[in-house]
Amino acid sequence: MNITPCDRCHSNNALPLEHRPGHTENLCPACTARAALEDAATLHLRALLAPAVAAWAQHWNAAGVRLDDLADTVGSVAASLGQDLSDR
Ligand SMILES: [Zn+2]
């Protein structure tokens, strides 16, 4: 039996998993499955939003808004939407 503790639930059957580039956690089987779902959700959201964000940024950049400012806006809107979900 593997006695490495899970970084998330502290059970004693974890193995290291790099589930995002540069992000390694020791995870038990249940937390490994959850991490895979979280990663899939992240990839799905990015695929859904990328075309809309690219079109929006091209539009507002052509209108004179700097890309750095648009990037900041994307970050603040994403944080706000995340907070809205957390408040539910
Ligand atoms: Zn776990």
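I call a residue buried if 20 or more other C-beta atoms lie within 10 Å of its own, exposed if 12 or fewer do, and partly exposed in between, with C-beta atoms placed from the backbone. Helices (H or I, at least four residues) and strands (E, at least two) are DSSP runs, numbered from the N terminus.

I note that this is a predicted model, where local features need pLDDT of at least 70, side-chain atom pairs count only at pLDDT 80 or more, and totals for chains, interfaces and linings use all residues. Residues are numbered from 1 along each chain as its sequence is written.

**Entry 1: the whole chain**

I looked up the elements. The protein chain has two helices and two strands. Their pattern along the sequence is β-β-α-α.

I checked the overall form next. The radius of gyration (taken over C-alpha atoms) is 18 Å, while a compact globule of 88 residues would have one near 12 Å, by the rule of 2.2 Å times the number of residues to the power 0.38. The C-alpha atoms fill a box of roughly 60 × 30 × 20 Å along the principal axes. Of the 88 residues, 3% count as buried.

I then looked at contacts, meaning C-beta atoms, placed from the backbone, within 7 Å. Among those with a separation of 6 or more, 2% join residues 24 or more positions apart.

**Entry 2: the hairpin**

I turned to strand E1 (residues 15–20) and strand E2 (residues 23–27). They pair in the antiparallel sense over five bridges; pairing takes at least two DSSP bridges. Leucine 15 has leucine 27 in E2 as its bridge partner. Two residues sit between the strands, and glycine 22 takes a positive phi near 80 degrees in this hairpin. None of the six residues of E1 is buried, so E1 lies largely in the open.

**Entry 3: helix H1**

I compared spans, expecting 1.5 Å times one less than the number of residues. H1 (residues 29–62) has 34 residues and should span 50 Å; its end C-alpha atoms are 49 Å apart, which agrees. I found a kink of about 40 degrees at leucine 49, shortly before proline 51. The bend is the angle between axes fitted to the seven residues ending there and the seven starting there. The number of buried residues in H1 is zero, so H1 lies largely in the open. Glycine 64 follows H1, with a positive phi near 115 degrees.

**Entry 4: helix H2**

H2 (residues 67–86) has 20 residues. They should span 28 Å, and the end C-alpha atoms are 28 Å apart, which agrees. Zero residues of H2 are buried, so H2 also lies largely in the open.
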